[in-house]
Amino acid sequence: MVAMFIGMCATFIGSYISTAIVYKDILPISTAIVAAIVMKINIYLVEKKNFAKLESFSLALSMIIAMIAAVLIGRL
Amino acid sequence: MDFNYNNYIKSIHRYGKIMLSIGVILLVSAPFVIAYITDSHIIWDGFFKAIVKVLIIYLPSSIVEFLIYAPMIGIGGCYLVFLTGNITNLKLPCVFNAREIAKTESGTPEDEIITTLSVATSALVTMLVIFVGVLLLIPLTPILQSPTLQPAFANVVAALFGALSMQYFTKNYLISSSALILMVVLCIVFPFLIRQTGTMLIPIGGISIGLSYFLFKKGKLDYDKI
């Protein structure tokens, strides 16, 4: 089942990379990258720093920060 | 009282079928009730012509969606998700996240319960948010229509899958990179596929599963990571 989830994520991220290449629109992939970076930081804090309370909110936090980043990138 | 998983599954099927049937009857009867209340007349000839056009498009995609999503969502989740909708952008990410937090494995009784709870919670929260949103529609309209905030609302799914990808791509780099490269190449060659993510889930997901099965058979992938 992990493979199916990977396939699903690859489908969406692939479409954002293609949007950047074909239509020169970098906003979707930039948003996704920011979300991924924030998620990575969250995973680090949860696993290495034992910040367990963050685990339940890591997806929501990543999304909100990425959406704020989308607003800022959109203004550039 | 001891928990009996088989009885639980039987009850899920029984109540799921009853509730789903009630839900479908309510949904289908809505236009007829509205027509009755407003004293309108349904033009049956036009009705059947329209329904055939819709069925041609939605029937095959619904069958394919069922086959793709059912194994991921679980039995209890299926009864809820195929009635409430928003599978890709709400229910599935919720299932992903719940599964990651609870550390359950697909196909286990624990996973079945966790996925059902996550889908049910997602459906209830969605209803609540929509209800509050509709009540606050007038004061929220300037914010929702603000041009400054449009990039944020237009990229909710990108933010969602960016975060989820970090969780799942790191589980197997070979499968992730293969699926990603294939998707990018296909979309560059056929740009119309960029907007067809729902359809592209089938080949890309299928190839990911095929590749993981191949790696498992070669002894390069553990069973729990397939």
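**A helix pair in chain B**

Modeller: The crossing of H4(B) and H8(B) is left-handed, meaning that the near helix is turned anticlockwise from the far one by less than a right angle. This is a predicted model, in which local features need pLDDT of at least 70, side-chain atom pairs count only at pLDDT 80 or more, and totals for chains, interfaces and linings use all residues. Residues are numbered from 1 along each chain as its sequence is written, chains are lettered from A in the order in which they are written, and side-chain values use heavy atoms, without hydrogens and water.

Two packed helices are described by the angle and the distance between their axes. Here helix H4 (residues 87-102) and helix H8 (residues 156-169), both of chain B, have axes that come within 11 Å and cross at roughly 30°. The axes are lines fitted to C-alpha atoms over the stretch in contact, with angles from 0 to 180 degrees between N-to-C directions. H4(B) and H8(B) are therefore roughly parallel to each other (angles under 35 degrees).

From H4(B), Thr88(B), Asn89(B), Pro93(B), Phe96(B), Asn97(B) and Glu100(B) meet Val157(B), Leu160(B), Phe161(B), Leu164(B), Gln167(B) and Tyr168(B) of H8(B), where contact means heavy atoms within 4.5 Å. The residues of this contact comprise 7 nonpolar, 4 polar and 1 charged; Ala, Val, Leu, Ile, Met, Phe, Trp, Tyr, Cys and Pro count as nonpolar, Asp, Glu, Lys and Arg as charged, and the others, Gly among them, as polar.

Chain B as a whole has 10 helices and 0 strands, taken as DSSP runs (H or I, at least four residues, for helices; E, at least two, for strands) and numbered from the N terminus.

Conventions: Angles under 35 degrees count as roughly parallel, over 145 as roughly antiparallel, 65 to 115 as roughly perpendicular and the rest as oblique.
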